[in-house]
Amino acid sequence: MEYLIAGSVEEALRLMGGLDEQGRSARYVAGGTDLAVQLAGNAAGGQPEALVDVSGIPELLRLERAPGGALSIGAAVRLETLARSADLPACLSQGARAIGSPQIRALGTLGGNLCNASPCGDTLAPVIALGGRLVLASVEGRREVPAEEFFTGPKATVLRPGELLVEVDFGPAALAGRSAFRMIGQREGQAISQVNVAVWLLAEGGRMAEVRAAAGSVAPTPVRLAAAEKLLRGQAWSQGLGREAGQAAAEEVRPIDDVRAPAAYRRLLTAALLREALAEACEGVQ
Amino acid sequence: MSAQPVNTGELAVVGARVRKVDGRELVTGQARFAADLRFPGLLYASARRAGVPAGKLVEVDPSPALRLPGVVAVLLARDIPGPNLIGILPPFDQPLLAAGEVRYEGESLALAVGVSREEARRGAAAVRARIEPWEPILTVEQALDPAARRIHPGGNVTYSKKLVKGDVAQGFAGAQVVVENTYQTSFQEHAYLEPEAVVAVPGGDGRITVYASCQSPFHLRGHIAANLGLPASRVRVVQAYTGGSFGGKDDVATEIGALAAIAAVRLGVPVMIAHEREESIIGSNLRHAARIRYRTGALRDGTLVAGEAEILLDGGAYASESPFVTMKAMIHAAGPYRVPNVRVESTTVYTNKTYCGAFRGFGVPQVTFASESQMDELAAALGLDPLELRRRNALRPGEGTATGQVFTQSVGIGRTIERVAEKAGPRPMGPKPAEGPPAGAQPATDGGRYLYGRGVACLLQGISNGAEGIDVVGASVQMAQDGSALVGVGLTDMGQGSRTVFAQVAAEALGVDITRITVRQVDTDAVHDSGPTVASRSTTVGGTAVLKAAREVAGSLRSMAGLMLKCPPEAVRLAEGFAMLEADPQARIPLAEVATAAYWSGFPLMHLAFSRAPDARFDHETHQGDIYIAYNFGTHLMDVRVDRWTGKVKVLRHLAAHDVGRVVNPLGLEGQVEGGSLIGFALAHLERIDTEGGHIRNANFADYAVPSILDRLPTETLVVEEPSPAGPFGAKGVGEPPVAGAAAAFANAVADATGLRFTRLPITRADIAAALAKEV
Amino acid sequence: MQLEFTCNGRPVRMQADGSMRALDLLRDLLGLTGTKEGCGRGECGACTILVDGSPVNACLLYAAKLQGRAVLTVEGLAKGEVLHPLQEAFLEEGAVQCGYCTPGLLLSSKALLDRVPHPTDPEIEQALSGNLCRCTGYAKILKAVQRAADRAGRGDGTSRRGREAGR
Ligand SMILES: Cc1cc2nc3c(=O)[nH]c(=O)nc-3n(C[C@H](O)[C@H](O)[C@H](O)COP(=O)(O)OP(=O)(O)OC[C@H]3O[C@@H](n4cnc5c(N)ncnc54)[C@H](O)[C@@H]3O)c2cc1C
Ligand code: FES
Ligand code: FES
């Protein structure tokens, strides 16, 4: 397996294009924490002929807040950086903190987590709840895709062959609002989410003027909890409302039974985690 | 029991908090585990696994593998010179490489040898196998169906035994309260951090040396020699540093040790087999899953009058240690109680799944969960406090166990109950489910979210192989002229610290500092075959052998010192690195001088001694009689907080009291209790090998939930010392017992908190949340 | 590819396949077998090494990513015969049983103490949550890290326990 290191977005695209023209299979690699595991798993074959490392591309390492409050996070920003930042939307830091272990977070990246598109990925629901937009680059140019439309199935996205995720952009509202993330796994340490939930809301006069909630591991892709959002919108927080919203969310998700959890439990968790996340996000809302 | 009096006098090294004697190598990375060894020309081997749980093996075609660059050879069943069989008890039933039939998905069909681990693995994957699949036999019921296909020629019952004490029918007739239930436990993986590994090195002298991560080197030697068709004396097995075993590195170490040796002999170069984690889980033994029907009868005051149990163990594809596990589960089913009438049937069956064998506790955790659940159900039926019910029935010295064995000393169960009762403190905060929330008892947002409960469990665990098998350990102590000593014992240290224990015992007997003692790794060329390192017997039986050998050497030193100090040998005491006059400790000679003089005077400075369990009076039909040389007794208590919403359980308190006879090393003891308890907790709450259609679905540490540091228990070890005449300075082993205690206490605590009796382990968060949701 | 980095303070210059695992490079090419493999999938932490002070799983790390970095393995912890305070503390507290998890745990602990000299228990737990240990039950590991931190703290006169007692 050839290992190529890209120094810029253009170089990454060019390297990929060149390999493609030669008919050689290749993959982008950022931290490699998903890719290396996948490749180690198929000893019999399925190894790409080359890897293009994008983890050192300066443009992908940017973490910037524009004067108006907009935020953009490069695809190769490490999860550990997100986890430790105090000035990012809470649910995103919390989601990053929930991933793997310190070792995994030191290597793993936001872009890798999103592009890997595992339904249980812990930054997916936060990025959706925050209304993130993904900037994708290809030799044809750049396009922007709302996070919600990026995921098409388990481990499947709208990324075209050779296309690169450059950054994730958030409007000023993401930081202006309040947010929270919750997950639960089989154990406390290094747990993979049986369910995760992120909520974001804008409070106005003690009420939730805007709400977005999303959950992971309850469907083939992370999903918006539309029924719960509808219940919450315009309302003032109360424990009773939290219970109702949880109920609604539990009913609207379509989880499956698998090795990590039974579907019925996933519904219970969706309700419980949404309630908890809401309670945290609404704490102190006047 | 042995007539030797239990030493209760002042001790210098035994009882002290000593550092692990081989710790320095481990913290510096210098210790060589098997996969760390490097030899010139080393090749790597990897097995092609069946991948289907049952079928007729029609053909194995190595040619696609042999065409790959980097693949040197592929071994098939027909290339094995010997019988191609391994196992624990004859007749052996497990092939090294399958021939004709596949009995579980992890079955090895061929061994690919390559120039790197990667190439060996790729070679193994390329071997083509034609298997006509059969409908796998996956449940105990299927296996026991008289019409079922036979997994082995002898049928599907691996082993079946019965224990009869008194008359249970009469016992139940006299009972005023009877409780009955059926309990289940799941397959558990050892999950030692080091996957199995071996290196076989041909010697050029007609001998072969196998370095192995293993538990019982002599067992390996026997099977390797037999399968190579060589006399055992041509095979040398050296235990490399072993990264945990817990019972698990026996059959599988034998399997890969023999395969590597056969490949090495054939190719004339060293060959390594190092398992990946997935292979380690699928291709080596698990803890038996169990189904236990249990009935208990008592008088209204709580006095137990009868116990009846039917134990069914799923043993997977091969026998392994199943016979011993079957028996041990049976013998411990009645718990540490006085039960006049007991009847237990215990059966293990074959299924087309990964085979089961020894795992810390050996069947005892499964039955303890069942019997201690029964005790709580009984307490509830009688309206008695659970601890009080246990106190009333706890065995006392002079009373018979389930096998009718009577110990007149070292029966500390009552004292462990008292220790726990003293330490227990108030019940955890919060409402009992029936009572509803008292004001202020919960966090503000709680809304009745949390439930609190307390569980206790008592247990006993037999020490030594006892009447189940041989129990002889040989130990050698060799003193050099500088007064330092080399100790060799045929029992392995897999991390549990037995080398440290042996060093302490020798240091104590020789009166030297522990740093003057070296305990060598087990090398079959250099130590006596001491049977398997199992059954918490290292400290007790092994330590006794070391003590005997060291005392012989000490005898030589005393005789020499007597000549030098002009006194009879009995007047000499060895301590602090000196030989001194008992009556006048100032009259002392450094031990090195004594040792040197003894050497030049021809006193023997090396001794080989044996410790042998006394001949047991035991009836193998009814299983009545003396079976073990001692029992470890214990009582555990757990306080928990259960989250109604998510089923999360937080253990707020965990007390683990054990009667260990005598503490040899508090540090080691606590480590055993803390580590063993966490494995028990995992069995009860987190871990389950998940099989579907004969395939393990969670053969990795992402989905098989080994506890992390965030999942640890707040274990407090409480020590009870009721010295046993069977062990050195009164010590009894403590390796296994905490597993059963923690598992059973957890189940009882969850039952107490939720008001629901869960009868299947593990009791996962999902189980708890689902059951509580149904309640509302 | 041509790789240049430092390993345990010494410069390394070598030819290696950039797509090989750093774990194999260390163990097979540099002979540093103190770094262990327990799962090969990032799930156990036995292979933990420090790269520029951050703990990473060497089993997931492509060798090319070592370029220009400073690597620390368990072999680089002691100064000659003198053990690192963490190594001492692990021995003293009985935090080592089989020792297979120990190299990884020592390095995760070191990364923590370098960043947070006086960590709280939850901080220690978080920092070590990627390192499985099957033998010890973890209590003694936690104590060992506390002890090493306390000892390091003695220099400036504040031990963690002292500070906590003062709260
Ligand atoms: C032990 C362990 C535990 C884990 N626990 C969790 C967990 O709890 N929660 C969780 O969400 N995840 C978990 N993960 C998964 C993983 O660590 C994360 O998904 C991580 O964020 C992946 O980032 P990476 O940079 O390492 O991705 P890589 O492995 O480098 O890449 C992942 C995929 O994305 C592609 N890719 C990467 N960057 C780009 C880009 N810029 N443009 C286009 N494609 C790109 C790659 O080609 C590859 O297909 C765990 C992994 C391990 C090994
Ligand atoms: S071997 Fe790397 S994490 Fe287990
Ligand atoms: S000491 Fe054995 S795994 Fe930690």
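Guide: Start with the overall size of chain B. A compact globule of 776 residues would have a radius of gyration near 28 Å, and chain B has 27 Å, so the two agree. That radius is taken over C-alpha atoms, and the globule rule is 2.2 Å times the number of residues to the power 0.38. The model is predicted, so local features need pLDDT of at least 70 and side-chain atom pairs need pLDDT 80 or more, while totals for chains, interfaces and linings use all residues. Residues are numbered from 1 along each chain as its sequence is written, chains are lettered from A and ligands numbered from 1 in the order written, and side-chain values use heavy atoms, without hydrogens or water.

Now the box. Along the principal axes, the C-alpha atoms of chain B fill roughly 80 × 80 × 55 Å. Inside are 18 helices and 30 strands. These are DSSP runs numbered from the N terminus: helices are H or I with at least four residues, strands are E with at least two. Of the 776 residues, 65% count as buried. Buried means under 20% relative accessible area, exposed means over 50%, and partly exposed lies in between (1.4 Å probe, protein chains only).

How does the chain meet itself? Take the contacts in chain B with a separation of 6 or more: residues 24 or more positions apart account for 81% of them. A contact means heavy atoms within 4.5 Å.

Gln461(B) gives a local example. This residue sits in strand S16 of chain B, residues 450-463. Its relative accessible area is 0%, so Gln461(B) is buried. Leave aside its neighbours within four places in sequence. Its contacts then include Lys328(B), His332(B), Ala630(B), Tyr631(B) and Glu736(B).

Next, some backbone details. Most residues other than glycine have a negative phi, and most peptide bonds are trans. Chain B has exceptions to look at. The peptide bond from Pro90(B) to Pro91(B) is cis, with omega near 0°. Pro91(B) lies in the loop between strand S3 (71-75) and strand S4 (101-102). The bond from Leu761(B) to Pro762(B) is cis too, with omega near -5°. Pro762(B) is in the loop between helix H17 (737-754) and helix H18 (765-775).

Two residues carry a positive phi. Ser320(B) has a phi near 45°, though it is not glycine. Find Ser320(B) in the loop between strand S14 (304-314) and helix H9 (322-331). At 2% relative accessibility, Ser320(B) counts as buried. Phe729(B) has a phi of about 55°, and it is not a glycine either. Its loop runs between strand S30 (715-720) and H17 of chain B. With a relative accessible area of 5%, Phe729(B) is buried.

Now turn to the neighbour, chain C. In this interface, 54 residues of chain B are in contact with 45 residues of chain C. Together the two chains bury about 4100 Å², 56% of it on carbon and sulfur atoms. Buried area is the accessible area (1.4 Å probe) that two parts lose on being put together, summed over both.

Charges meet here as well. The count between chain C and chain B is 11 salt bridges. A salt bridge needs a side-chain nitrogen of Lys or Arg within 4 Å of a carboxyl oxygen of Asp or Glu. Arg19(B) and Glu92(C) form one of them, at 3.2 Å from N to O.

Which parts of chain C touch chain B? Helices H1 (22-29), H2 (85-92), H3 (102-115), H4 (121-127) and H5 (139-154) of chain C each supply at least two residues. H2(C) gives the most, with five residues. By class, this side of chain C divides into 19 nonpolar, 12 polar and 14 charged residues. Nonpolar covers Ala, Val, Leu, Ile, Met, Phe, Trp, Tyr, Cys and Pro; charged covers Asp, Glu, Lys and Arg; the others, Gly among them, are polar.
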